[in-house]
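My notes follow, in the order I looked things up.

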Amino acid sequence: MAVSGRAREGGASRARWAVGVVFAMHGAASGTFATRIPWIRERLEIGTGLLGLALACATVGAALAMPLAPRLALRYGQRRALRLPALLCCLGLLLPTQAPALVWLCAAMLLFGGSLGLLDVAMNAQGVEVEERLGRPVMSGLHGLWSVGTLIGGAVGAGAAHLGVDGRLHAALVAPVLLVVAQLAAGRTPDSVPVVDAKAPPHFAVPPRGVLLVGLLGFCAVFAEGAAMDWSGVYLRDVTDASPGLAAGAYTAFVCTMALTRLGGDALVRRWGPVTTVRAGGVLAVAGGALVTAAGTPAVAVAGFALLGVGIAVVVPLCFAAAGRSAAVPGQAIAGVATLAYASGLAAPALVGWIAELTSLSVSFAVVTLLASGLVWGAGLLRPRPRTAARGGTETGLRAGSS
């Protein structure tokens, strides 16, 4: 039995790293795109308002695609339900840089956002299962690997922007590499037997009250994340008159601090608990947002984005873990939280652009700071609660797998 237990734990540990690579690939695709947004805007010669409109199309794509993820897993098994979105994500990365006009950019963002959302739900459902099997927190670390991926993608993108590399060539070189990595890693993730005659989850259902409240907490964090990821470079260019290379570096600073915090986040949660960890992070996020809002020089703005990354780092992993543990079908609960939370993250760039069009980018980030304060007041929603029998055989099976 001891040998069998060690074998199960070893298998779960290997699965954890395989899922982590998929997280990193998703992050690298996001980071690659984010650093080329200024290039896309300048190439199409569009203002902040129209750019925000194009980025909002990704929100629609993600919102439509996320509820489909549990249906794919039920019909085709978890592994194939991870491989297909990974393929679509890499193909979708090519589209925004190829768009010749605003209408085509909107269509490209619709498809790219949908692929990102579909993959997001699938990989988080895998992460919750691995966490259950290991019997210890791992979600923050998995999201830390996502941030490492965005850091790598952002660093390569910053270098490409500094050297003046065409965005189309940049995306064409990166996408095949990410595709190969993702497909190899997905082949080592946990799988399930497709259930042909099982009743499929609904395309859309209003989440239970508990899941909805957790999703609102994630809304605050992901709004700040989406705003920082897509607008940090533009903010430094327009507000602080930074060079293109330094402007891309603001995104890198944000992702770097978020990655480091997430990689150590599981230890913080074990020591302080989710409530105290998120509440302290909320205070730091508000401080970072205030620095960005008041920034008059590139150095102050970069410091603010870095602090904002520290503050919001562990919120989303803890929201997904809490949601996944609350339902018999983790993917369905995660889809509910993800649809609400990441819709805010994908809507954030559009709202930031529209507010900036009416006022200024500084006012936009004042709104981001106000929403970040919600983490301080809402952290109690993540207080661990006793498990119920609602999950039935599914919960029992997961406990057996982690013993």
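Predicted model: local features only at pLDDT ≥ 70, side-chain atom pairs only at ≥ 80, totals over all residues.

**Entry 1: one phenylalanine.** I began with phenylalanine 365. Is Phe365 buried or exposed? Its relative accessible area is 1%, so Phe365 is buried.

**Entry 2: the core.** I then looked up the largest nonpolar core, which has 112 residues. Which members touch the most others? They are Phe254, Phe305 and Phe365. Helix α9, residues 209-239, gives the most to this core, namely 15 residues. The core also takes at least three residues from each of domain 1 (1-187) and domain 2 (209-384).

**Entry 3: around Phe305.** I left aside the neighbours within four places in sequence and listed what Phe305 is in contact with: Ala228, Ser232, Tyr235, Leu236, Ala250, Phe254, Thr257, Val292 and Phe365.

**Entry 4: aromatic pairs.** How many aromatic pairs does the whole structure hold? The search finds five. In one of these, the ring centres of tyrosine 235 and phenylalanine 365 are 5.2 Å apart and the planes stand at 80 degrees, so I noted the pair as edge-to-face.

I wrote down Tyr235, Phe305 and Phe365 as one aromatic cluster.

**Entry 5: salt bridges.** I found five salt bridges in the structure and followed up some of them.

- Arginine 237 and glutamate 42 meet through their side chains at 3.4 Å, N to O. The pair links distant parts of the chain, with Arg237 in helix α9 and Glu42 in helix α2 (residues 37-44), 195 residues apart. Arg237 counts as partly exposed at 28% relative accessibility, and Glu42 counts as partly exposed at 45%.
- Glutamate 225 and arginine 262 form a salt bridge at 3.6 Å, N to O. Glu225 lies in helix α9 and Arg262 in helix α10 (residues 244-263), so the bridge ties together parts 37 residues apart in sequence. Are these two side chains' residues buried or exposed? Glu225 is buried at 4% relative accessibility, and Arg262 is buried at 1%.
- Arginine 168 and aspartate 166 form a salt bridge at 2.9 Å, N to O. Arg168 is partly exposed at 31%, and Asp166 is partly exposed at 28%.

**Entry 6: helix α6.** Last, I checked helix α6, residues 102-134. From its first C-alpha to its last, this 33-residue helix reaches 47 Å, close to the 48 Å expected at 1.5 Å a residue. Of its 33 residues, 26 are buried, so α6 is largely enclosed by the rest of the structure. What comes just after α6? I found glycine 135 there, with a positive phi of about 75 degrees.

Note on methods: Residues numbered from 1 in each chain as written. Heavy atoms only, no water. Core = buried A, V, L, I, M, F, W, Y, C linked by side-chain atoms within 4.5 Å. Buried < 20%, exposed > 50% of the residue type's maximum accessible area, 1.4 Å probe, protein only. Helix = DSSP H or I, 4+ residues; strand = E, 2+ residues; numbered from the N terminus. Domains from an automatic or database assignment. Contact = heavy atoms within 4.5 Å. Salt bridge = Lys/Arg side-chain N within 4 Å of Asp/Glu carboxyl O. Expected span 1.5 Å × (residues − 1). Phe/Tyr/Trp six-rings, centres within 6.5 Å; stacked < 30°, edge-to-face > 60°.
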